[in-house]
Amino acid sequence: MSTPNDKHGKDLLPEDSGVVIKPIAWFLIILTLATAMVYVIIKGMTVVFNRVDQATYPAAPPLPGGGQRTQREPLLQGAPKEPGSKDASLLPLDEMREYRKKTEADLTSYGFVAGKENVEAHIPVERAKQLLLERGLPVKAEAAVSELATAEKTRAQLSSSDASAGRLIGKQ
């Protein structure tokens, strides 16, 4: 009885699976070497970039009294306000509720607008509506109305003109 040959010309026994180990081993060796090479390249680039950063942005001078500068991390909602403190900032829904309360209080109360001189005041919206109904809308001065009419006429002439654009305005 003859044994079947595989594609590499080797005699296979009936219990052989036909898997050739040598190409798989070579693939794993090459993959390992390529991975190691990529690791070395990335580490080298990291070292070079860190040196460039240190040369470009030198360390800040120390604070008077020997203190150190610290860079604060961005504060997230619900996170502690200060590192190590137990006091947390508001969660988004709680913050929205507080904002709406403040806005509602501003809309329904009298007060001064925050500023250096406090020359502007605010009144409740409902009272402003009543005053508007009593006094009516403000009327523009006649000079302002005529100036707006002239500007509208000029705009209409320019938008309907051709390439001569503004040269025809003075001739009409």
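At 42% relative accessibility, E152 counts as partly exposed (buried is under 20% relative accessible area, exposed over 50%, partly exposed in between; 1.4 Å probe, protein chains only). This is a predicted model, where local features need pLDDT of at least 70, side-chain atom pairs count only at pLDDT 80 or more, and totals for chains, interfaces and linings use all residues. Residues are numbered from 1 along each chain as its sequence is written, and side-chain values use heavy atoms, with hydrogens and water left out.

**View 1. E152 pairs with R155 in a salt bridge.** The closest N and O atoms are 2.6 Å apart (a salt bridge is a side-chain nitrogen of Lys or Arg within 4 Å of a carboxyl oxygen of Asp or Glu). Both residues lie in helix α4 (residues 142-160), three residues apart (helices are DSSP runs of H or I, at least four residues; strands are runs of E, at least two; both are numbered from the N terminus). R155 is partly exposed, at 47%.

**View 2. R97 meets D94 in a salt bridge.** The N to O distance is 2.8 Å. About one helical turn of helix α2 (residues 92-107) separates R97 and D94. R97 is partly exposed at 46%. D94 is partly exposed at 30%.

**View 3. E126 and K129 form a salt bridge.** Here the N to O distance is 3.6 Å. The two sit three residues apart in helix α3 (residues 125-135). E126 is exposed, at 52%, whereas K129 is partly exposed, at 46%.
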